[in-house]
Amino acid sequence: MRYLAALLFTVFFAGSALASQCPSLISQIDQQLQSAQLDSETEASIRALRDQGQSLHNQGKHSESVKVLRKAMDKLDATS
């Protein structure tokens with residue numbers, strides 16, 4: 001029984017850790033978009049990924065949200 005409780009405790013806090021990453025990634029993307037010199041097509045694709053990541057976060061799909069937001073960050077990093 002102790003093992004089950006420990007497993008549930010770990011799973012609960014792992015979800016909480018991912019949930020807190022989403023807003024910070026969204027904030028980082030927003031800050032970098034303000035200062036980045038991007039063509040309109042690249043900026044639109046990054047904003048679409050950012051919006052998709054925020055939508056997934058709002059739906060509680062935090063691991064998927066982090067993946068999408070990291071793709072947006074990678075695109076931003078590649079352009080600078």
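The structure holds three salt bridges. A salt bridge here is a side-chain nitrogen of Lys or Arg within 4 Å of a carboxyl oxygen of Asp or Glu. Side chains of opposite charge can pair when their charged atoms come close.

This is a predicted model: local features need pLDDT of at least 70, side-chain atom pairs count only at pLDDT 80 or more, and totals for chains, interfaces and linings use all residues. Residues are numbered from 1 along each chain as its sequence is written, and side-chain values use heavy atoms, with hydrogens and water left out.

Now the fold. The chain has three helices and zero strands. Its pattern along the sequence is α-α-α. Helices (H or I, at least four residues) and strands (E, at least two) are DSSP runs, numbered from the N terminus.

Back to the charged pairs. Arg50 and Asp30 join through their side chains in a salt bridge, 2.6 Å from N to O. Arg50 sits in helix α2 (residues 40–58) and Asp30 in helix α1 (residues 2–35), so this pair ties together parts that are 20 residues apart in sequence. Arg50 is buried, at 12% relative accessible area. Asp30 is partly exposed, at 26%. Buried means under 20% relative accessible area, exposed means over 50%, and partly exposed lies in between (1.4 Å probe, protein chains only).

Arg50 has another partner. Its side chain also meets that of Asp51 in a salt bridge, 3.3 Å from N to O. Asp51 is partly exposed, with 45% relative accessibility. Through shared partners, salt bridges join Asp30, Arg50 and Asp51 into one network.

Arg47 forms a salt bridge with Glu43, with 3.0 Å between the closest N and O atoms. Both residues lie in helix α2, four residues apart, about one turn of the helix. Arg47 is partly exposed at 37% relative accessible area. Glu43 is partly exposed too, at 26%.

Next, helix α3. It covers residues 62–79, and its 18 residues should span 26 Å at 1.5 Å a residue; the end C-alpha atoms are 26 Å apart, which agrees. The expected span is 1.5 Å times one less than the number of residues. The buried residues of α3 are His62, Ser65, Val66, Val68, Leu69, Ala72, Met73 and Leu76.

Last, the whole chain. Buried residues make up 26% of its 80 residues. Of the contacts (heavy atoms within 4.5 Å) with a separation of 6 or more, 65% are between residues 24 or more positions apart.
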